[in-house]
Structure formats: C-alpha cells, structure tokens
Amino acid sequence: MKTGVSNHCQPQFRILDDAQIERIHQAVLRILDEVGVRVNHPEATDLLAGHGARVMGDNLVQIPSPLVEDAIASAPSNLVIFNRNKTPVMDLGGRRIYFGTGTDLPKTVDLQTREIRDTRSDDIITSTIISDALPNIDFIGSYGLPRDVPAGLHYIRCFQMEAENSIKPIFFTAGSEEDLAVIWEMACAIAGGPEALSDHPFLISYNEPTSPLAHSKEALGKLMFCAQNRIPLNYAPALLAGSSGPVTLAGALVVAVAEALSGLVIHQLTRKGAPISTGVAATTMDMLEATVSYTSPEFRLTHSACADLFHHYGLPVWGTAGCSDSQYPDLQTGAEYGFTLLNAALDGANLIHDCGYLGQGFVASPELIIFADETIGMVKRYMRGFEIDSEHLALDVIKKVGPGGNFLQEKHTLDFFMQEHWQPGIFNRKNLPNWIKEGQKKTDDKLLEKAREILATHQPEPLAAEIKNELDMIFQYRNFKGD
Amino acid sequence: MGIIEDVYIAVIDGKVDDAAAGVEQGLNTGIAVDDLLKKGLLAAMDLVGERFGEGDIFIPQVIWSAKAMQAGMDLLRPHFTEGQQAKSARIIIGTAEGDIHDIGKNLVGMMLEGAGFEVVDLGVGVKPEQFVEKAVEEKADIIGVSALLTTTMMSMAEVVKLKNEKGLSSLKVIVGGAPLSLDFCKEIGADAYGVDAMDAVVKVKELMGL
C-alpha cells in the first residue's frame, strides 16, 4: 500500500542515469590521468606536482584521480552570494535557479535608432539599470563591452558602473590578474575591507580554461587570486564540438568536464573550501558558417548532462540560457529564449547567464533583458508545479457550484487565483478588439516602451558619495599607471 | 468620515460583511444615504474600476468588491429617494437562444451590478420574445444579449426586430460575445456593443447618459 502521498508536484527532469554519470565520470578521470592538461602557470604546476600530479614537461600535467575526488569533496556544495547591501540573495547549489546577463557584447542594437553599432559606456549603465529593475534578473553582468574606454581599462570601468547603478550581485570579467586586483580593491572599498567582502561577497569572477585541455597563465593567475582572497569564482570552459573538442557530444562533455575539474583541483589546492561554481558550455561549431551556436539543441543536451553530473558531485553549476543566435530581435530570438530558459530551469542549473544575448555572443539589445525576465517568470511558474492537498483539490467548491455553475464568483477563486495563475507583464492576452483599440502593439513595441519607461523612472539605490569617490580614485590611479 | 471611509475600504477590499456592517452603522448613526452611496459605495467602485483598467487588480477582486457594494446597496435601497432610484438602470441580460455559454454573460452581470445597476439575469438559451416580454414586465431600460456561437448570433437581430415592432423605442439593446463586432452590432440595429465586461459597463453608462 502506498502511503504519504506528497502534496506537491513539480516538473522533474534529468537525462543521465546513475550508471551513465559514472561512465562519463570515469572517462573524465582517465583523460586527466592518462592525457593530462596543459597548466601554463609555474605556481600552479608546482602546486599540482607537490600533491602527486605528474609534470610531463612542456607544462603538461597528469592528474591522478584521488586529487580530483579530493577537490570535489573540499569544494563547497553551496555558495551564498549577497547583494551590495550584504543581504543574501542567491544560494547557488542544489537545483536552485538564478538568472542574469553575461558580459562583453561588442555590438549593441541602439534603443532609439535600432541600428547595430559599437557598444558604448552608457550602454553598460542602461543595461545595469534595466537589470536592476527586473524581478527575475538575479545577477548583473556588464552585458556590453564598451569601445569608448581605453583597452585594458574597460573591465574595471564596467565593474565600477555596475556597482554604482545596482545593488544586485555582479558577474564580472577581468582582463588579467592585475585587472582583477583593481576590481577586488573596488569591491573591498564598497564592502568595507577584504574580510567584510569575503564574508559577504557580492561579486562572481567569470573565468575560463582554453579548450581543449589547457589552462592559460592569465586564467590560472586569476583563478588562484580568487581562491586566495575567497572571491567567488565561476570557472567553466566554452568548448566547440567538432573543433576545440570531439564532434560527439559524449566526447565533448568528457573533455570539457576534464577542463572544469582540473581547474577545480588547482583552485582547491590553492585554498581548500574556497568558493567556486563550475560546469561547462559544450556547444557545436556550425559546420557551414564556422560560428559558435549559443542555442543548438546539442548544447542543450550537454547542458542537461553537465547539470546532472555536477548535481551528482554536489557542486554549484553554471548555466547558459535566454540567448539567441539571431543578429536582431525576431521570431528566432523568441523561440531560442523560450527553449533555452525552460531547458536551463528543468536542468536545475544554478548560475544561469547570458540572458538578453543576441548574435552568438556578439550583439546586445537591452530591451531583450526585459523579454528574458518575462519568459523567466513564465518558466519559474511552470517549475513551481502545483499543490494537490484537499484545499487545492477543491472538492468542497466543486460540490457547491455543481454542474453548469460558475466558479468565478467563489471565494475559493479569490483566495487562490494569485498564487495559482501566472500573470504576464508583457505578453499579450488581450482579445482582438481591445488589442486593435490599444494600438495593435507587438511584443517588440512593448519591450522598447518598457525599456524607456524603466530608464525614465527607475532609481537604483545610490552608492555612498565617499565610496564613489574612492572608486574614482582607484580607477584614476590605474589609468595613470597604465599596464 | 470614519464610517463612510470604513464602507469605502470594505468595498475596495471586497469584504462583504464589513461593507454591510458599515452601511448599517451609517444608517443607524444618521449619516446621509446620499453620502453612504456616493462617497462610500460608488466612489469605491470607481477606484476599483480604475485599478482594474490599469491592470493593478484582477477579475475575482472586482467581483468581490461588487459583492460588497451590492450588500451595502441592498441595505440602502429602501431609503432611496426617487431621484436616487432613477439614476440607476435596470438591465435584462441573457445568453441568446441556442447558446448555453454563460461565463462572459455572468461576468457582464457582475460588473454591471458592481457599477450600481440592477441586473435581471434570464440565464442561457433565452428566446427573443422572452427578452422583450421580461423587459416590459420588469420596466427595464436595457436588454443585454450575449452569444459565443456564431450560429446563434442571428437571434440577436430577432430581439432588436421584436422590440422595434412593439414600438419600445426607449428600450435599448446592447450585444456582446467573442465572435461579435461593431459592424455586426450596427448591421442588426443594436444600440451598443461591449468588447468585454468592463466595456459593457461603459456602454451602458453611455446609453443611460450617465
């Protein structure tokens, strides 16, 4: 007899069974042990060698399995990320999903002219303010890569602009270890010192190995800096099946996971228990255009498999969704945003980035962050499932209303409609006459309207004047010093 | 102001018992009927309508505000002067002959009641002659006919024809339903077309010159 029926049902999804996880994991361990990875940083090589890894010359390091298992065991299984005001806002781990933008889009579809042009500094402020206003955007990336800031300073400037225009956690890129040190100095100024920052981190460093199976000196320098200073790090490769990795998805996954886990080993050897999220983006190279697809169905399969693996490891896992290969907001954008966001949520990925992306990671169009937010709302409602206790089974009200009656005026309807039904903010549900009467607005029009409205009315919580001055001084000093 | 404000808030919050209790207390303490009606019940429903129009509140909340308003109205009605009585309107509603869809029609009824009108609901599958007979019997100002099926739309034309034949020129006909249009409304000679339940209230007010 079955007892203890759960009162809550929820969509459940995984694509690897336990035996398949074990098979892939064993293949990863074999690659690390028998092939190894290139570790282009002397300190990292020494660290590995000191713990039993085999340095084979030419910076090739073979990593025995126990080192990998130790790193998986010592890395934290969840990561609490705070906002600028030291309030915990993300608990990365388990199947908890959080969404945000990405970094570094060099082109922007102008909100006014709708032309595709170079990204500028004011675009970073625009996307930050829009992201700050949206309920389903949990963390903020620079979104764009400003071309009007001298190279070598743009990541620092981006971080500064984001911190000044939002209290949400910042997912940031740093160009080099020196860059990272400057950004860290800024973050310390905001938090009130290194201790306060590592106790209440409001930033996540975005960093990656180089597929196949290599860690650059820059990447490792930043990785070790993060570990030493307990700056949350996201270290995950972007592999292209068929060029920087095997064409088969299983093979691509094995190589990418080997990269991620070897990074994890170096990170945990640098400082045990230091905060890290990882995972992989193993997508396809388009064999006709030689471009990187951000939304291929194959990427979604490796994304799901990666989530299954890292849930099995008990480690916070990175994700990618709310992005499109289209160069301009269109129907393709809609289909790809919906497909990828639902998939990432079903996967239970934790730090889901690249919301609002176009053009295979090259084009920004700020109103699409609002489109992602709306779609995430829909997806989150779906993921919430529904209750099946007696109140929700509603037998009393069904009996009361009876055949041919109407539930609309019942108290039960009033009591539950808000929690049970999702209400769109942007998507149309008007009937035809009302839609015509109100100007026949398409989703695109409404997104642009909403973006302009947010920019005209939303006031992000300001950063204290003395801290702003301090950030300016840090930036000016770096500007003066040069590289 | 205390009691009128209590009534006003009870209607906005959709608290049926509170609204009735407020009106009763108001009547007992000698507050003018006109103030309880206009500053309490009707002012609250105006705000509810406004909020609904802005998308800040939803249909179930409007319905419960309307119920609260009705509860207050039932207590006030015996105290109405003739002038207050005349400012309202009595509306006969029903789903057209051959059609049993009534969700839209019910919603219109609730919204009209919420706006302070008296509604007599004849139910579903109502024959044209029933609409007209009942309108005469109830001394109604307006007949509202609803249809979802395209096949039943023509019985609406029959309602208009019948009341014209009887020379009931002051009796107006308003139509509504998903397959309808303003063109169809004009074609059959109906007086107004409501795009949705809220619009039906607007159109009824226009027809009554309110």
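This is a predicted model: local features need pLDDT of at least 70, side-chain atom pairs count only at pLDDT 80 or more; totals for chains, interfaces and linings use all residues.
Me: Okay, is A:E410 buried or exposed?
Reply: A:E410 has a relative accessible area of 10%, so this residue is buried.

Me: Which residue does A:E410 form a salt bridge with?
Reply: The partner is A:K400, and the closest N and O atoms are 2.6 Å apart. A:K400 sits in helix α14 of chain A, whereas A:E410 is in the loop between α14 and α15, 10 residues apart.

Me: And A:K400, buried or exposed?
Reply: A:K400 counts as exposed, at 60% relative accessibility.

Me: New topic: what does A:R38 pair with?
Reply: A:R38 forms a salt bridge with A:D58, with 3.5 Å between the closest N and O atoms. A:R38 lies in strand β2 and A:D58 in the loop between β3 and β4, so the pair ties together parts of chain A that are 20 residues apart in sequence.

Me: How accessible is A:D58?
Reply: A:D58 is exposed, with a relative accessible area of 63%. A:R38 counts as partly exposed, at 32%.

Me: What about A:D91 and A:R96?
Reply: Their side chains meet in a salt bridge, at 3.6 Å from N to O. A:D91 is partly exposed at 25% relative accessibility, and A:R96 is partly exposed at 34%.

Me: Last one: how many salt bridges are there over all chains?
Reply: The count comes to 25. In chain B, salt bridges that share partners join B:R90, B:E118, B:K134, B:E137 and B:E138 into one network.

Notes: Residues are numbered from 1 along each chain as its sequence is written. Chains are lettered from A and ligands numbered from 1 in the order in which they are written. Side-chain values use heavy atoms; hydrogens and water are left out. A salt bridge is a side-chain nitrogen of Lys or Arg within 4 Å of a carboxyl oxygen of Asp or Glu. Helices (H or I, at least four residues) and strands (E, at least two) are DSSP runs, numbered from the N terminus. Buried means under 20% relative accessible area, exposed over 50%, partly exposed in between (1.4 Å probe, protein chains only).
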